[in-house]
Amino acid sequence: IYISHSLVDGNWAAWSEFGDCSAECGDGIQTRTRTCSDPEPEFDGKPCDGEATEEKACKLKECPSM
């Protein structure tokens with residue numbers, strides 16, 4: 001018995017929340033991620049197009065001057 005599988009193109013799941021700022025003072029970076037799992041590509045379907053991570057600048061406070 002031959003079962004035909006139709007290809008499934010990958011689609012991005014929702015973005016995670018942005019993580020903590022990488023610096024306690026001054027300029028830092030926050031990162032968020034997403035996975036190619038809604039659905040995952042199957043049977044030679046296309047992978048997700050685009051980036052799995054996103055960054056943005058952050059600043060919690062100014063650093064004290066010396």
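Colleague: On what conventions do the values rest, and where does numbering begin?
Modeller: In this predicted model, local features need pLDDT of at least 70 and side-chain atom pairs count only at pLDDT 80 or more, while totals for chains, interfaces and linings use all residues. Side-chain values use heavy atoms, with hydrogens and water left out, and residues along each chain, as its sequence is written, are numbered from 1.

Colleague: How many disulfides does the count give?
Modeller: A disulfide is taken as a pair of cysteine sulfur atoms within 2.5 Å. With the bonded cysteines of the protein chain numbered in sequence order, the pairing runs 1-5, 2-6, 3-4. By this rule the count is three.

Colleague: How many residues apart in sequence are the parts that C21 and C58 tie together?
Modeller: The sulfur atoms of C21 and C58 are joined at 2.0 Å, and the link is right-handed, with 95° about the S-S bond. C21 belongs to the segment before β1 and C58 to strand β2, so the pair ties together parts separated in sequence by 37 residues. Strands (E, at least two residues) and helices (H or I, at least four) are DSSP runs, numbered from the N terminus.

Colleague: Is C48 buried or exposed?
Modeller: C48 is joined to C36 by a disulfide with an S to S distance of 2.1 Å. Buried means under 20% relative accessible area, exposed over 50%, and partly exposed in between (1.4 Å probe, protein chains only). C36, at 23%, is partly exposed; at 15% relative accessibility, C48 counts as buried.

Colleague: Which backbone oxygen does the side chain of Q30 reach?
Modeller: Q30 lies in strand β1, residues 28-33, and counts as buried at 17% relative accessibility. Contact means heavy atoms within 4.5 Å; leaving aside residues up to four places away in sequence, Q30 touches several residues, including C21 and C58. At 3.0 Å, the side chain reaches the backbone oxygen of G19.

Colleague: How far apart in space are T53 and E42, C-alpha to C-alpha?
Modeller: T53 is found in strand β2, residues 53-58, and is partly exposed at 45% relative accessible area. Not counting residues up to four places away in sequence, T53 touches W15, T31, R32 and T33. T53 and E42 are eleven residues apart in sequence, and their C-alpha to C-alpha separation is 22 Å.

Key
Polar contact = N/O pair within 3.5 Å; in protein donor to acceptor, adjacent residues only side chain to side chain.
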